[in-house]
Amino acid sequence: MSFLRFFSDDVKQMARTLETSGGRMKDASKEMSNADSTQLGHTDLKSACDDFASSWDYGFGQLSKMTKGISKFANKAAEEFLKLDQKLYQELQEKSDRKPERNQ
């Protein structure tokens, strides 16, 4: 590894957390869509609850997609940075090895 600092473990942990959060949002949305709003009584209230559940489902679906995309991007960025860092380290080592000794 070169002199550069990159917290790839932290980035990858963030990616895992985002993906887990997206899955939890999806699960919550499914649970809400399975709720029986017919027992609420008033038809306007049932309609409002159904509209809310539908909106909630759509929003969580979109958030879930975004978190998955961000997670993939973060993992890819971490991998690419580590590859470039390794390449930089190797090139610096090669230049250091080829450097002629100076006479004092």
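Start by selecting Lys46 and Asp50, whose side chains meet in a salt bridge with N to O at 2.6 Å. The model on screen is a predicted one. Lys46 and Asp50 are four residues apart in helix H2, which puts about one helical turn between them. Color the pair by accessibility: Lys46 is partly exposed at 28% relative accessibility, and Asp50 is partly exposed too, with a relative accessible area of 32%.

Next, select Glu80 and Lys76. They form a salt bridge in which the closest N and O atoms are 3.3 Å apart. Glu80 counts as partly exposed at 30% relative accessibility, and Lys76 counts as partly exposed at 44%.

Glu80 and Lys83 lie three residues apart in helix H2, about one turn of the helix. Lys83 counts as exposed, at 53% relative accessibility. Through shared partners, salt bridges join Lys76, Glu80 and Lys83 into one network. A search of the whole structure finds three salt bridges.

Now show the surface and select Lys26, Lys30, Lys65, Lys68 and Lys72, which form a positive patch. The elements giving two or more residues to this patch are helix H1 (8-33) and helix H2 (43-98). H2 gives the most, with three residues.

Finish on Lys68, which lies in helix H2. Lys68 is partly exposed, with a relative accessible area of 42%; a patch residue needs over 30% and no salt bridge.

Note on methods: Residues are numbered from 1 along each chain as its sequence is written. This is a predicted model: local features need pLDDT of at least 70, side-chain atom pairs count only at pLDDT 80 or more; totals for chains, interfaces and linings use all residues. Side-chain values use heavy atoms; hydrogens and water are left out. Patches are made of residues with over 30% relative accessible area and no salt bridge: like charges are joined within 9 Å, nonpolar side chains (Val, Leu, Ile, Met, Phe, Trp, Tyr) within 5 Å. Accessible areas come from the Shrake-Rupley method with a 1.4 Å probe; for residues, only the protein chains shown count as cover. A salt bridge is a side-chain nitrogen of Lys or Arg within 4 Å of a carboxyl oxygen of Asp or Glu. Lys and Arg count as positive and Asp and Glu as negative; His and the chain ends are not counted. The place of a charge is taken as NZ of Lys, CZ of Arg, CG of Asp or CD of Glu. Buried means under 20% relative accessible area, exposed over 50%, partly exposed in between (1.4 Å probe, protein chains only).
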